[in-house]
Amino acid sequence: FTRQAMIGIRADGDLSDLADKLTALPEVDYVVVTAGSFDLLVEVVCNDDDHLLSLLNNSIRSVPGVRDSETFVYLRLAKQTYTWGTR
């Protein structure tokens, strides 16, 4: 997998319903409902740029409730940790 991206989504309607629809996409590995400029943040992992374009055009943007999106393409992952543990 050579392409990762974070996608900020502005939405209309029920955010929980939209989040459920997006989590069903196999390329999606992270979905969070947020406050601020975007209603949802969605992280995706794709084979390449063509795969990302297809995902955006044919899957994410066509989901009812997605008003608009902004894609942040990862150029290099500098750090990723999950050290907060469990409770």
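A helix here is a DSSP run of H or I at least four residues long, numbered from the N terminus. With that settled, I started my notes on this predicted model.

**Entry 1: Asn-57**

I looked up Asn-57 and found it in helix H2, which covers residues 49-60. Is Asn-57 buried, exposed or partly exposed? Its relative accessibility is 48%, so Asn-57 counts as partly exposed, given that exposed means over 50% and buried under 20%. I then checked how far Asn-57 lies from Thr-34, 23 residues away along the chain. Their C-alpha atoms are separated by 23 Å.

**Entry 2: the overall layout**

Next I stepped back to the whole chain. I noted two helices and four strands. In which order do the elements run from the N terminus? I read them off as β-α-β-β-α-β. The radius of gyration is 13 Å, close to the 12 Å that the globule rule gives for 87 residues, so the protein is as compact as a globular protein of that length. Along the principal axes, the C-alpha atoms fill a box of roughly 35 × 35 × 25 Å.

I also looked at contacts between residues at least 6 apart in sequence, and 67% of these join residues at least 24 apart.

I moved on to strand S3, residues 40-46. How many of its seven residues are buried? I noted five, which leaves the strand mostly covered.

On pairing, I found S3 running antiparallel to strand S1 (residues 3-11), with seven bridges joining them. One of the pairs I wrote down is Arg-3 with Cys-46, the latter in S3.

S3 also pairs with strand S2 (residues 28-33), again in the antiparallel sense, over five bridges. Here I picked out Tyr-30, whose bridge partner in S3 is Glu-43. S2 and S3 form a hairpin, and I noted six residues between them.

**Entry 3: Arg-10**

Which residues is Arg-10 in contact with, leaving aside neighbours within four places in sequence? My list has Ser-37, Phe-38, Asp-39, Gly-65, Val-66, Arg-67, Asp-68 and Glu-70. For Ala-24, 14 residues from Arg-10 in sequence, I noted a C-alpha to C-alpha distance of 18 Å.

**Entry 4: surface and charge**

Of the 87 residues, 31% count as buried.

For the charges, I wrote down 8 positive and 13 negative side chains. How far apart are the centres of the two sets? They lie 8 Å apart.

Definitions and conventions. Residues are numbered from 1 along each chain as its sequence is written. This is a predicted model: local features need pLDDT of at least 70, side-chain atom pairs count only at pLDDT 80 or more; totals for chains, interfaces and linings use all residues. Side-chain values use heavy atoms; hydrogens and water are left out. The radius of gyration is taken over C-alpha atoms; the globule rule is 2.2 Å times the number of residues to the power 0.38. Buried means under 20% relative accessible area, exposed over 50%, partly exposed in between (1.4 Å probe, protein chains only). Contact means heavy atoms within 4.5 Å. Lys and Arg count as positive and Asp and Glu as negative; His and the chain ends are not counted. The place of a charge is taken as NZ of Lys, CZ of Arg, CG of Asp or CD of Glu. Two strands pair if DSSP finds at least two bridges between them.
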